[in-house]
Amino acid sequence: MIPFAPALRHTALVLAIGASALLSACGGGDPVVPFVPNRVLAFGDENSVITAEGRKYTVNALSTDTNGAKTINCAANPLWIQQLASSYGLVFPECNPNAVLNPASRIYAAEGATVSNLAAQVDQHLAGDTFTSKDLVTLFVGQHDVLELYALYPATPAEQLTASARAAGVALAAQVSRIADAGGKVLVSTAPEISLSPFAAAEDLAAGDKSRSALLTALVEKFNEGLRVGIASENGSEVAIMLTNELMQTMYKFPTSFAGMSNITTPACDEALAPSVLDCTGDTLVTGATATNHLWADDTHLSPNGHAYIGSLAASRTRANPF
């Protein structure tokens with residue numbers, strides 16, 4: 001497992017102190033049973049997707065057989081949801097190299113999903129299943145809501161776009177409440193900080209200033225504001241929020257505090273060799289790049305190292321939360 005950076009260690013300490021205080025307030029005499037899910041149910045966009053072929057929207061790992069043939073190794077370079085599930089001894093059917101019998105975890109997430117798509121994913125689940133107190137339900141979405149709104153600028157005023165971003169965050173909060181009310185334990189991520197991406201840097205370069213990344217920052221902030229306000233009344237026994245945007249900001253500001261990270265600005269994948277990030281492997285990287293030394297796999301998707309730190313945060317957050 002990737003070791004915690006100082007920022008994550010500090011976060012873990014604060015959460016641990018908070019959990020200790022909570023137990024003391026409850027009397028401290030009753031035994032505390034740690035939350036251990038029976039399955040992880042992943043909703044959202046491609047940050048939580050493993051294809052049927054075991055490919056992911058990041059740098060895909062390869063295995064070489066005795067004949068020199070290379071195949072995708074879905075267990076290596078895990079996504080954040082894989083790391084979270086693995087911390088509880090769980091796997092997803094899309095990546096089950098040890099042939100675990102009938103893995104119960106499920107991925108409903110899909111490429112390009114927005115909050116409205118996530119609501120449809122929840123509908124899909126409830127059409128044939130339920131949520132229980134042993135379900136750890138992950139919601140990771142918002143990036144495409146922000147990018148879709150950004151694409152409307154400047155034809156649509158920035159003030160109108162940020163208001164729509166906030167409304168999208170409120171709509172995500174409604175799905176959090178819907179799942180919690182149905183019995184599931186929810187881990188919801190803030191929208192990732194897409195304003196730090198190579199895409200945002202290219203937009204600034206084309207504009208000749210920092211106005212485009214500033215707008216993306218404002219959209220992310222308003223989305224996350226709507227989410228926070230929307231779940232403010234939710235009980236910690238049902239809902240936990242993961243501050244992915246703040247973690248990414250820390251990674252961007254202090255990359256050397258995160259093991260292996262040395263490039264936070266440019267993609268690791270060579271677009272000429274891998275037109276799609278799904279095609280990106282250890283054999284299609286730019287010179288000097290590895291799966292761990294870059295923050296970004298391509299213009300908008302995180303590297304395996306980025307996923308590793310988010311996965312560590314997710315595992316820590318679910319254990320510190322009083323589910």
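1. Let me start with a pair of helices. Helix H3 passes helix H5 in a left-handed crossing. This is a predicted model, so please read every point below with that in mind. The contact between the two is made on the H3 side by Val115, Leu118, Ala119, Val122, Asp123 and Leu126. On the H5 side it is made by Ala168, Ala171, Leu172, Gln175, Arg178 and Ile179. Sorted by class, that contact of H3 with H5 has 9 nonpolar residues, 1 polar and 2 charged.

2. Now the geometry of that pair. H3 covers residues 115-128 and H5 covers residues 158-181. Their axes come within 9 Å and cross at roughly 15°. Angles under 35 degrees count as roughly parallel, so H3 is roughly parallel to H5.

3. What angle do the axes of H8 and H9 cross at? They cross at roughly 130°, and the axes come within 11 Å. H8 and H9 are therefore oblique to each other. H8 passes H9 in a right-handed crossing. From H8, the contact is made by Thr244, Leu247 and Met251. From H9, the residues are Asn305, Gly306, Tyr309, Ile310 and Leu313. The class count for the contact of H8 with H9 is 5 nonpolar, 3 polar and no charged residues.

4. While you are on H8, have a look at Asn245. Helix H8 runs over residues 244-253, and Asn245 is found in it. Is Asn245 buried or exposed? Asn245 counts as buried, because its relative accessibility is 9% and the cut-off for buried is under 20%. Its side chain is joined to the side chain of Thr190 by a polar contact of 2.8 Å. Setting aside the neighbours within four places in sequence, Asn245 touches Thr190, Ala191, Glu193 and Asn224.

5. Helix H2 is worth a look for its cover. The buried ones are Trp80, Ile81, Gln82, Gln83, Leu84 and Ala85. What covers them? Among the covering elements are strands S1 (39-44), S4 (106-107), S5 (135-140), S6 (185-189) and S7 (239-242), along with helix H9 (304-320). Just after H2, Gly89 takes a positive phi of about 75°. Further along, the loop between H2 and S4 holds Ala99. Phi of Ala99 is near 55°, a positive value in a residue other than glycine. Ala99 counts as exposed, with a relative accessibility of 60%. Asn102 has its place in the loop between H2 and S4 as well. Phi of Asn102 is near 50°, again a positive value in a residue that is not glycine. At 65% relative accessibility, Asn102 counts as exposed.

6. One for the backbone checklist: which peptide bond is cis? The bond from Tyr153 to Pro154 is cis, with omega near 5°. You will find Pro154 in the loop between helix H4 (143-150) and H5.

7. His301 sits in the loop between strand S9 (294-296) and H9. With 8% relative accessibility, His301 counts as buried. Apart from neighbours within four places in sequence, His301 is in contact with Glu46, Tyr57, Val277 and Trp296. His301 and Pro267 are 34 residues apart along the chain, and their C-alpha atoms are separated by 8.8 Å.

8. Last, Pro322. Pro322 has its place in the segment after H9. Pro322 is partly exposed, with a relative accessible area of 39%. From C-alpha to C-alpha, Pro322 and Asn67 are 50 Å apart in space, and they are 255 residues apart in sequence.

Conventions. Residues numbered from 1 in each chain as written. Predicted model: local features only at pLDDT ≥ 70, side-chain atom pairs only at ≥ 80, totals over all residues. Heavy atoms only, no water. Helix = DSSP H or I, 4+ residues; strand = E, 2+ residues; numbered from the N terminus. Buried < 20%, exposed > 50% of the residue type's maximum accessible area, 1.4 Å probe, protein only. Polar contact = N/O pair within 3.5 Å; in protein donor to acceptor, adjacent residues only side chain to side chain. Contact = heavy atoms within 4.5 Å. Axes fitted to C-alpha atoms, helices over the stretch in contact; angles between N-to-C directions. Parallel < 35°, antiparallel > 145°, perpendicular 65-115°, else oblique. Left-handed = near helix turned anticlockwise from the far one by under 90°. Nonpolar A, V, L, I, M, F, W, Y, C, P; charged D, E, K, R; others polar.
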